[in-house]
Every structure is written in structure tokens, then in C-alpha cells.
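Dear colleague,

Please find below the sequence and structure that I am handing over to you. My notes on what was found follow directly after them.

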Amino acid sequence: MARPVDVDRRSRLLDDVVAHLARHGLANVSLRPMATAIGVSVNSLVHHFGTKDDLIVAALHRSSAVQHTVEQRWLARRPHMSQAELLRAWWRWISASPQNLAIVRLGIEAAALEAIRTGLPRQVRGDQIGLWRSNIEARLVAEGLPPDVAVTEASLTKAMFTGLVVDLLATGQKARLTRALEVGLARLEQAVGATAGPTSPG
């Protein structure tokens, strides 16, 4: 009979795996060096997660869950944040520490690397961009944009934000990129204000 998985142990291990991948990236991941780095055996990783590909997918899901928790904490305090305000909060969080930046880099790297480098299915790779974009789209619709306009604006906004994060990873030039972000978000706010217009009385 197979040894049952210790759920709490798996959760702690997954946090260690996310931290390791955030530091070292996804390209050419190998279980043995990872196991050594986080102080466990390869057998322990296989027991708790299965294959290397399963482990990477689980780590990406955990990374997304961490980011979702961060966002929900902000929205609990300020439930009426606009999408532009939310992206400003994300930029401050991402650029506040190398650890935060590395966690977000995981999703970008997963989407950008060829499947042969990571072993990730196309859907998993696409979700790293698609989930952010669809969330932005839904919030823009809630702010009053027609759905067809929201699709385009969400795509542009997500592309802009991802590009700025990649630039930050490459150059570290936070001040320049923050100014660029503000120009992009001002454009988004103008588009929302112009398209949504005043709310009709009920």
C-alpha cells in the first residue's frame, strides 16, 4: 500500500519549492539539485508531488494563490479600488523586494519558455497570462466598459504591465518604469471614463 501524503508537509515543501524556483528559474529544472537545496530527498519530492512536471505545475498554482491572497487582502481593505489603482498596488508590491519580483517572474517565465524547456502543457503556460488578463477584463466590465472594449483594453493593459515587469527584471530601473506605468494607467483611466460615462439613475 502506498504511503499516504502528509498534506501539511506537502504544503510546507511546496512553499520551499516556490522559493527555490523563484530564485533559480524554471529552465532546466532538475529534481536532485532542488531536493538538495531545500534539504529533502528526491524520493520525498516524488512522493508528495509525482513527476517533475507535476511539481512545477503545483508550484505555479501556489504562486498564483499567494498573489490572489495578496490582492484579496487589499480589496478587503479597499473594496472599491479601480483596476488602475489595483495595478498601482501590484507595481508597488512587485518592486518592493526581490522576493516579490521573483514570484511574479515565475509566471512570466512559464508563459515565455518553450514547452521543451519546462515540460509544461500549453494550457498551463497560457494560464500564466490568461488568468491575469481575464481578471482585468472582468474588473473593467464591472467599471462600465462594454465587454468587447474590455477585452481589448485588458489585453493592452496586461501586455504593458508584463513588459514593464520584464524591463524591471532586466534593468532594475524602477523610477523610469514607474513613470511609464503612470502614463499607461492614465490612458486606461481615460478610456474607462470616456467609455463608461455617467451611470443612469435607477
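I begin with the largest pocket, where helix α4 makes the biggest contribution to the lining, supplying eight residues. Please bear in mind throughout that this is a predicted model. The space in the largest pocket comes to about 430 Å³. Its lining is formed by 25 residues, and those closest to the centre are Ser-64, Gln-67, His-68, Leu-131 and Trp-132. At least two lining residues come from each of α4 (52–77), α5 (83–94), α6 (98–112) and α8 (122–142). By residue class, the lining holds 13 nonpolar, nine polar and three charged residues.

Two of the helices that line this pocket, α5 and α6, also pack against α4, and I describe these two pairs in turn.

Packing of α4 with α5

The axes of these two helices, α4 and α5, come within 11 Å and cross at roughly 125°. An angle of this size makes α4 oblique to α5. The crossing of the pair α4 and α5 is right-handed. On the α4 side the contact is made by Gln-67, Val-70, Glu-71, Trp-74 and Leu-75, and on the α5 side by Leu-86, Ala-89, Trp-90 and Trp-93. The residues of this contact between α4 and α5 comprise seven nonpolar, one polar and one charged.

Packing of α4 with α6

Here the axes of α4 and α6 lie 10 Å apart, and the packing angle is about 130°. The helices α4 and α6 are therefore oblique to each other. Their crossing, that of α4 and α6, is left-handed, whereas the crossing of α4 and α5 is right-handed. From α4, the residues Leu-60, Ser-63 and Gln-67 meet Ile-103, Val-104, Leu-106 and Ala-110 of α6. Five residues of the contact of α4 with α6 are nonpolar and two are polar, with no charged residue.

Packing of α1 with α2

A further helix pair is formed by α1 (residues 7–24) and α2 (residues 31–38), which pack at an angle of about 110° with their axes 10 Å apart. This angle makes α1 roughly perpendicular to α2. The crossing of α1 and α2 is right-handed. In this pair, Leu-13, Asp-16, Val-17, His-20 and Leu-21 of α1 meet Met-34, Ala-37 and Ile-38 of α2. The contact of α1 with α2 is made up of six nonpolar residues, one polar and one charged.

With kind regards

Terms used:
Residues are numbered from 1 along each chain as its sequence is written. This is a predicted model: local features need pLDDT of at least 70, side-chain atom pairs count only at pLDDT 80 or more; totals for chains, interfaces and linings use all residues. Side-chain values use heavy atoms; hydrogens and water are left out. On a 1 Å grid over the protein atoms alone, a cavity is a set of points where a 1.4 Å probe fits but cannot get out, and a pocket is an open set with protein on both sides within 12 Å along at least five of seven lines; lining residues have an atom within 4 Å of a point. Grid points are joined across faces, edges and corners, and a volume is the space filled by probe spheres set on the points. Helices (H or I, at least four residues) and strands (E, at least two) are DSSP runs, numbered from the N terminus. Ala, Val, Leu, Ile, Met, Phe, Trp, Tyr, Cys and Pro count as nonpolar, Asp, Glu, Lys and Arg as charged, and the others, Gly among them, as polar. Axes are lines fitted to C-alpha atoms, for helices over the stretch in contact, and angles run from 0 to 180 degrees between N-to-C directions. Angles under 35 degrees count as roughly parallel, over 145 as roughly antiparallel, 65 to 115 as roughly perpendicular and the rest as oblique. A crossing is left-handed if the near helix is turned anticlockwise from the far one by less than a right angle, and right-handed if clockwise. Contact means heavy atoms within 4.5 Å.
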